[in-house]
Amino acid sequence: MSKKEELNPDYTTFIIDDTKYETIVPTKVSNRKAWERPNPNMITSFLPGTILELYVKEGDVVKAGDKLLLFEAMKMHTVINAPFDATVKAIKISTGDKVPKGELLIELK
Amino acid sequence: MPLKKKILELKKRKEEVLQGGGPKAIAKQQAMGKMTARERILALLDESSFHEYDLFVEHSAREFGMDGKVLAGDGVVIGTGTIFGSPVAIFAQDFTVMGGSLGLMHARKITKIMDYAIKMRMPLIGINDSGGARIQEGVNSLAGYGEIFYRNTIASGVIPQISVILGPCAGGAVYSPALTDFVFVVDNISKMFITGPEVIKSVLGEEITQEELGGARVHCETTGNAHFFANSEAECFEQIKKLITFIPWNNSKKALRFEPKHPKAQYKIGDIVPDNPNKPYDVRDVIRAVVDDSDFFEIQEMWAQNIVIGFGRLNGDTIGFVANQPKVLAGVLDCDSSDKAARFIRFCDAFNIPIVTFEDLPGYLPGVDQEHQGVIRHGAKMLYAYSEATVPRITVILRKAYGGGYIAMNSRHLQADFVFAWPLAEIAVMGPEGAANIIFRKEIMEAENPDEMRKAKVEEYKEKFANPYVAASRGYVDTVVEPEETRKFLIHALEISLEKVVERPSRKHGIPPF
């Protein structure tokens, strides 16, 4: 029984606590993306939706709480505000654009 | 009118109801590879054992074209019968009658049979095949669903509840299977989701088919919502019948006892687990080497494969098995596997089924995704489920038992009744490589040849701690047994545990980490 298992080509090396194990690693685990620290300057969409209105243009100086854009998702209008005092470095979308979740909308600096 | 005429009238009325939605609708159902409601019940239950009730129930809706509409049995068939002689209550939605949609009387029929099942303390089987709420009946349909979910909850842990998804089961309706104990699905026929592809497309713009969103495979491999996967309805019914033989009729009985049988000779228990603790094997072979007739009935085979759960028999009695699977992810515990095991442990505890645990794991799966998914909360479910269970619980440590995993897998400290270990067992805080690196960090760093020193220290740790005797010296392990003795020790332990009594402080119920 073990001989057959040992020859299984699906086995790969999996390390836990400095110990190497020979085992099957499902794609859900092997496809895990390494965690990246979120960049607070990147304003991204939290849901798929539509850009209804842009309140700023590139170069504008904004204060914490200032309106950046109006976003429509799940049939609700949500205002996305500046999280801190910043300058609008780049606007990646235009009014009317339909965006998926996690799309970069505005870059601050 | 004389009796003969009345009987003819009865037969005629029955004939009409048995037509369901009529020949055209039945043909459509068959074209989709689906059986009709009554065909399914008759295929599942013992021959001639089915008694149907509420055939003549009619809806009383008047709005939106319902007035004058004749719906046979209001779209659902209910009744009682037996499976291998065990009583069961059953309902099967009839997709040929207005898409099997649920209206007030349809729901009343279902809640009636549920009430019978609870009162008469027998297993409930629900065959779901419905387009959902009958919109024409408005909030009456919602009321119907609510009444069903309440009863699913009240019956939970009192009688076994089985859901069979043989068609669409969408929107609110899908909460009924979610509340039951076992969900059976069939490839290309079962569809379960809260919001369907059309709504998802219009609100979120995401495109996905019904099958990709909530087909049988998705629920068996990804969501963990289903427990058994079949390629055809016929195969599904065989699975249901087999499950029934393993479980009791209600929570005050034990499952039926079968003729004891020896495991099959082809499974040589001493040959299965490799000496090298880093090499994989299929733990199901160990289970098969131990259970009667090597007959292991696995549950949720396709999900969280790093842990194995299912039923087998020891000396004729049903036993629930939980086992780490070293051939997948080295048998680690993680969110999904903890959920899978914990719920099964609670089912066994509710229905007087002793639990045997086979342990071989290096710990929990590390990773930011696991932490952020709440492995803390999910992992705690296993600790809760084992600790709470009062059925006899026996653990056999096959090989590795490291750290938190050692505690979670029904250790002595969670009040396991018996803990046996194989001579191969390594019961330690972590593996020798990891441990040596931490404990002997200084020696290794300061050594002339760090690699040589590390190797020597790993060997030293292995010698001292990678064995079952340190744990045995404290009585944390009751005894060390040879693999060939395992079945004998398990059977004896279970025999003497028949009258087990546990005293606990009284409480309404605990608050498990959900």
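Predicted model: local features only at pLDDT ≥ 70, side-chain atom pairs only at ≥ 80, totals over all residues.
## Reading the model

Residues are numbered from 1 along each chain as its sequence is written, and chains are lettered from A and ligands numbered from 1 in the order in which they are written.

## The largest pocket

Let's start with the open spaces. A pocket is an open set of points on a 1 Å grid over the protein atoms alone, with protein on both sides within 12 Å along at least five of seven lines; lining residues have an atom within 4 Å of a point. Grid points are joined across faces, edges and corners, and a volume is the space filled by probe spheres set on the points. The largest pocket has a volume of about 1600 Å³. It is lined by 43 residues, and B:S156, B:R343, B:R346, B:P512 and B:F514 are the closest to its centre.

Which element gives the most to this lining? That is α12(B), with nine residues. Helices (H or I, at least four residues) and strands (E, at least two) are DSSP runs, numbered from the N terminus. Among the other elements of chain B that supply at least two residues each are α5 (139-155) and β7 (182-186). Domain 1 (27-246) and domain 2 (269-429 + 467-495) of chain B each give at least three residues to the lining; these bounds come from an automatic or database domain assignment.

By class, the lining has 20 nonpolar, 12 polar and 11 charged residues. Here Ala, Val, Leu, Ile, Met, Phe, Trp, Tyr, Cys and Pro count as nonpolar, Asp, Glu, Lys and Arg as charged, and the others, Gly among them, as polar.

## A pocket lined by two chains

The second largest pocket has a volume of about 400 Å³. Of its 21 lining residues, A:P26, A:K28, A:V29, B:A304 and B:D336 lie nearest its centre. Two or more residues come from each of α2 (27-30) of chain A and α9 (216-223), α12 and α13 (368-373) of chain B. The lining divides into nine nonpolar, six polar and six charged residues.

About 100 Å³ of space lies in the largest cavity. Its lining has 13 residues, with B:Q93, B:N128, B:Y145, B:I148 and B:A173 closest to the centre. The largest share, three residues, comes from α5(B). By class, nine are nonpolar, four are polar and none is charged.

The second largest cavity holds about 40 Å³ of space. Residues lining it include B:F91, B:N128 and B:I148. With three residues, β4(B) gives the most to this lining, which has five nonpolar, six polar and no charged residues.

## A sheet in chain A

Chain A has an open sheet of four strands in the order β7-β6-β4-β9, with antiparallel pairing. Two strands pair if DSSP finds at least two bridges between them. At the edges are β7 (76-81) and β9 (98-99), each pairing on one side only. Four bridges join the antiparallel strands β4 (residues 49-54) and β6 (residues 67-73) of chain A. In β6(A), A:L69 is the bridge partner of A:L54.

Terms used. Heavy atoms only, no water. 1 Å grid on protein atoms, 1.4 Å probe; cavity = no way out; pocket = protein on both sides within 12 Å on 5 of 7 lines; lining within 4 Å.
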